[in-house]
Amino acid sequence: MLTVYERRRIAVLVGVTLLALPLVWWSRGDGGAGTTTAATTTTAAGGDEVPAPVILGGPPPVVQDGSAQIAYPSLDAGVQGTASFSNFDGGPANVCWVPPAPLGAPLTITNLNNGRTASCINVLRESMPANATMLLHTKVYEALSDLAEVPIPVVAGW
């Protein structure tokens with residue numbers, strides 16, 4: 001059940017709405033009847049008015065073929081190769097081994113297949129998988145690609 005206060009609020013809102021709606025209609029014109037438009041109109045066979053056609057200028061549309069170019073930022077120093085992954089015997093999740101890079105340097109690894117990037121610290125590792133030139137920690141590799149895709153083409157920058 002509504003209180004007296006709520007009933008008064010509803011009555012005031014109804015009154016304001018009943019006053020505001022005619023003002024809005026009056027300010028917009030008479031509902032579109034008698035208003036003119038910039039385009040000329042013609043009369044169709046049935047007597048209805050049809051607006052004149054509008055021809056828009058501009059360049060032709062670009063054909064979408066489903067491919068796009070990916071721009072990669074230039075790197076100060078870097079090397080391109082293929083990367084695999086390892087858990088580095090339970091080591092920190094932000095390490096990698098890129099033999100040409102300086103030890104201890106922070107590296108930015110970019111997957112050339114999808115443009116994803118990840119950061120890691122270059123550390124020394126004893127062995128490298130046969131089909132890879134860089135070794136990334138599993139967590140770093142997951143940020144770049146799915147673990148089922150091994151090896152992946154990457155660029156390492158420092």
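Helices (H or I, at least four residues) and strands (E, at least two) are DSSP runs numbered from the N terminus, and buried denotes under 20% relative accessible area, with exposed over 50% and partly exposed in between (1.4 Å probe, protein chains only). The model is a predicted one, in which local features need pLDDT of at least 70 and side-chain atom pairs count only at pLDDT 80 or more, whereas totals for chains, interfaces and linings use all residues. Residues are numbered from 1 along each chain as its sequence is written, and side-chain values use heavy atoms, with hydrogens and water left out.

The strands form a closed barrel of six, in the order S3-S7-S4-S6-S5-S8 and with mixed pairing, where two strands pair if DSSP finds at least two bridges between them. Neighbouring strands of this sheet are turned against each other by 45 degrees on average, direction ignored, with axes taken as lines fitted to C-alpha atoms (for helices over the stretch in contact) and angles running from 0 to 180 degrees between N-to-C directions. Strand S3 (residues 78-86) pairs with strand S7 (residues 134-137) in the parallel sense over four bridges; here Phe 85 stands opposite Leu 136, and Ser 86 has His 137 as its bridge partner. With strand S8 (residues 152-157), S3 pairs in the antiparallel sense over six bridges, Val 79 standing opposite Ala 156.

A search of the whole structure for disulfides (pairs of cysteine sulfur atoms within 2.5 Å) finds one, formed by Cys 96 and Cys 120 with their sulfur atoms 2.1 Å apart. This pair links distant parts of the chain, Cys 96 lying in strand S4 (residues 95-97) and Cys 120 in strand S6, 24 residues apart. The link of Cys 96 and Cys 120 is right-handed, with 75 degrees about the S-S bond, and both cysteines are buried.
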